[in-house]
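I opened this one to see what sits inside the fold. Here are my notes, in the order I looked things up.

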Amino acid sequence: MGRTVALVGALHPGARQLALALEDDPAVERVLGLSRHEPPLLGPKFEFVQAGPGDARFAESLAGADVVVLFPLVDASDRNEEGRRERVLEGTRRTLAAATRAETVVLWSSGVVYGAHPDNPVPIPEARPPRPNPDFPAAAVLAESEQLALASAGAGGRSVTVLRGAGVWAPAWGTFLSRSLMAPAMVGVRGADPPLQCLAPADAVSALRLAVSGALEGVYNVAPDDWVGARAAAAAAGRRRLVVPHRMALATAERLWRAGMSAATAGELHYHVHPWVLDNARLRAAGWAPTRSSAEAFAEAGRQVPAGVLVGGVQVRRHHVRRGAAAGLALLAVVAVARRQGRRRSSPR
């Protein structure tokens, strides 16, 4: 009989794409998607389990899984940092405790755990310890989840694989990088042209498939072979690049966050200033290879950007942005447009 693969965090775009990819895997008989909310209809192997960590059905379903793939969902809009951290870590703990039969556990993480620092090597190998930026809590939560997963290796013969993905800029993935791609312009800091990577979702999924097969164990970076400067990245994606002084970018990000106009924190700015590109040599040696370069993946992501731009929860038409934004004050102009539209929506008709 084929194996049962359980996907915890089935609403994650990577989980949905992995479920579709496993439809063609003859070694996989069932794919369980665990979440409190049902994802879009998938293939015939897919079975939705409406349950989350702490629910009886959650533990029962994982107890019968041969492979468990965990996608920690870090909600950027949740401003209760300590509560968010505890929910993510408790979900990881309960997943690991319930996966009593699983011979393979895979955790989808991110290269953000290395932090974005001026002294990072280019590229960063897996031997480099995680060093999340203190003002970017999401990275710290992922690093802690990794520690919990790796500490469970060996229990009942279980192998654990942690995949640290490079930046995924595709809008459908909803990352902080994809949000910046959908903004009126890709913001850069004056004097900085950091190297950037763009991981194509298809390449992320192929790495997940390899991990599900049991061919990997330990920590692996998932990244394209190359990287490009921020200017080249914006050009490849077909996006304008707005360069502002560091102090202005920091102050604007803080102002937007405090006003509830953006889910982005000021800590995200580090990842647009300092290097955090990943070395994929270890995963390549295990038989994986990317199909797209960073420039190709940036171009692909750029073609998927919707017609409007998002500022907080408000959709702003691009011609409003172009008409109202002066070069050095584009972000503030966009905020003004968004606030006007927000007032119109809330005013009585």
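Entry 1: I'm working from a predicted model here. I began with Phe176 and asked: is Phe176 buried or exposed? Phe176 has a relative accessible area of 12%, and the cut-off for buried is under 20%, so Phe176 counts as buried.

**Entry 2: aromatic pairs.** Next I checked how many aromatic pairs there are, and the count came to six. I looked at Phe176 with Tyr271: the ring centres are 5.6 Å apart and the planes sit at 70 degrees, so I logged the pair as edge-to-face. What does this pair tie together? Phe176 is in helix α5 (residues 176-181), while Tyr271 is in the loop between α8 (246-258) and α9 (281-285), so the pair joins parts 95 residues apart in sequence.

I looked up burial for Tyr271 too, and its relative accessible area is 0%, so Tyr271 is buried. Tyr271 also pairs with Trp276, again edge-to-face, at 5.1 Å between centres and 90 degrees between planes. Trp276 comes out buried as well, with a relative accessible area of 6%. Stepping back, I see ring pairs linking Phe136, Phe176, Tyr271 and Trp276 into a cluster.

**Entry 3: a charge over a ring.** I also noted Arg282, whose charged end sits over the ring of Tyr220, 4.0 Å from the ring's centre.

**Entry 4: Thr175.** I found Thr175 in the loop between β6 (159-165) and α5. Its relative accessibility is 22%, so I put Thr175 down as partly exposed. I then took the C-alpha to C-alpha distance from Thr175 to Val74: 10.0 Å in space, for two residues 101 apart in sequence.

**Entry 5: His117.** His117 is in the loop between β5 (104-110) and α4 (137-151). At 12% relative accessibility, His117 counts as buried. What does the side chain of His117 reach? I got the backbone oxygen of Arg131, at 2.7 Å. Setting aside neighbours within four places in sequence, I listed Arg131, Asn133, His274 and Pro275 as the contacts of His117.

**Entry 6: helix α7.** In α7 (residues 230-237) I found Ala230, Ala233, Ala234 and Ala237 buried. Why do they count as being on the same side of α7? They span an arc of only 95 degrees around the axis, so they share a side. I then looked for what covers the buried residues of α7, and the cover includes α5, β7 (186-189), β8 (195-196), β10 (228-229), β11 (241-244) and α10 (294-303). Just after α7, I noted that Gly238 takes a positive phi of about 70 degrees.

**Entry 7: nonpolar cores.** The largest nonpolar core has 64 residues, and the ones with the most contacts inside it are Val69, Trp108, Leu163 and Trp169. Which helix gives the largest share of this core? I found that helix α6 (residues 201-212) does, with six residues. I followed up on Val69: beyond neighbours within four places in sequence, its contacts are Val5, Ala6, Leu7, Val8, Leu18, Val106, Leu208 and Val212. Last, I noted a second, separate core of 21 residues, with Phe58, Leu96, Ala99 and Val105 among them.

Notes:
Residues numbered from 1 in each chain as written. Predicted model: local features only at pLDDT ≥ 70, side-chain atom pairs only at ≥ 80, totals over all residues. Heavy atoms only, no water. Phe/Tyr/Trp six-rings, centres within 6.5 Å; stacked < 30°, edge-to-face > 60°. Helix = DSSP H or I, 4+ residues; strand = E, 2+ residues; numbered from the N terminus. Buried < 20%, exposed > 50% of the residue type's maximum accessible area, 1.4 Å probe, protein only. Lys NZ or Arg CZ within 6 Å of the ring centre and 35° of its normal. Polar contact = N/O pair within 3.5 Å; in protein donor to acceptor, adjacent residues only side chain to side chain. Contact = heavy atoms within 4.5 Å. Arc of directions from axis to C-beta. Core = buried A, V, L, I, M, F, W, Y, C linked by side-chain atoms within 4.5 Å.
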